[in-house]
Amino acid sequence: MNKTIFKISNMDCPSEENLIRMKLDEIPDIASLNFDIPNRILTVFHKENADQIEKSILELNLGGKKISTEPTDQTHFNENSNQRKLLWTVLGINFAFFLIEMTTGIISKSMGLVADSLDMLADSFVYGISLFAVGGTITKKKQIAKLAGYFQVALAVIGFIEVLRRFFSEEKLPDFSTMIIVSIFALIANGICLYILQKSKSKEEAHMKASMIFTSNDVIINFGVITAGILVNWLHSNKPDLIVGTIVFILVIQGALRILRLSK
């Protein structure tokens, strides 16, 4: 058995972890994967050489770099039997907040909330692909990834068009209080999701570091929408909301492109 360590600079949250798991699932010689998200480290236990593993990680364009490969005597690995249940839980939380933020975003006329809802939907896609493709063929996984990726791109493009329309027309100011309150709850939900996913790790990793939450793109987005809500009220302008919405739509499309790479 060999142990190869990778530094993956863009592995910010569990959605990237799931993308990597799906990508490496097609390599039969891998015995176990150990993710250290706060430090952006992936340790792969495998039988053969690491060339195919390294190639697959580089194809995801997550800033992966092989650090070392060495023999190891470890042959037994603790797999969490509750992984499916945990994935269902985080999928449910993300999809619920997609519905909440989309609804409140439309009602309050906040593009920041609408964009953040799509980011929640993007995470739901990733967890959903992991769940529904469990035990399935590589072809099935790629088909699901392709559908999810294109759907996500379509929603983001529609969002961009709406942002442009609001930039060049007179619109009622978004409800800043709704933006702030809903984003605070979304921030809490993201923290819960990260905690739940950490429970699937070994005992030593069960207590996640608080800094992990603040390195997550989702949490940064939540703070961005909260800040936009404050600026909307302070400046009496919808521009901060539109700017944050634009940034998040770009992140959503980047996530969709990562999903689409899995379908190739």
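**Exercise 1. In what order do the elements of the protein chain run from the N terminus on?**

The model is predicted, so local features need pLDDT of at least 70 and side-chain atom pairs count only at pLDDT 80 or more, while totals for chains, interfaces and linings use all residues. Residues are numbered from 1 along each chain as its sequence is written, and side-chain values use heavy atoms, with hydrogens and water left out.

Step 1. Helices (H or I, at least four residues) and strands (E, at least two) are DSSP runs, numbered from the N terminus.
Step 2. Nine helices and four strands are found in the protein chain, and their order is β-α-β-β-α-β-α-α-α-α-α-α-α.

**Exercise 2. Compare the span of helix H9 with the expected one, and name some of its buried residues.**

Step 1. The expected span is 1.5 Å times one less than the number of residues.
Step 2. Helix H9 (residues 239-261) has 23 residues, and its 33 Å from first C-alpha to last is close to the 33 Å expected.
Step 3. Buried means under 20% relative accessible area, exposed over 50%, and partly exposed in between (1.4 Å probe, protein chains only); the buried residues of H9 include Val244, Val248 and Val252.
Step 4. An α-helix has 3.6 residues a turn, so residues three or four places apart point the same way.

**Exercise 3. Explain why Phe185 counts as partly exposed.**

Step 1. Phe185 lies in helix H6 (residues 176-198).
Step 2. Phe185 counts as partly exposed because its relative accessibility is 49%.
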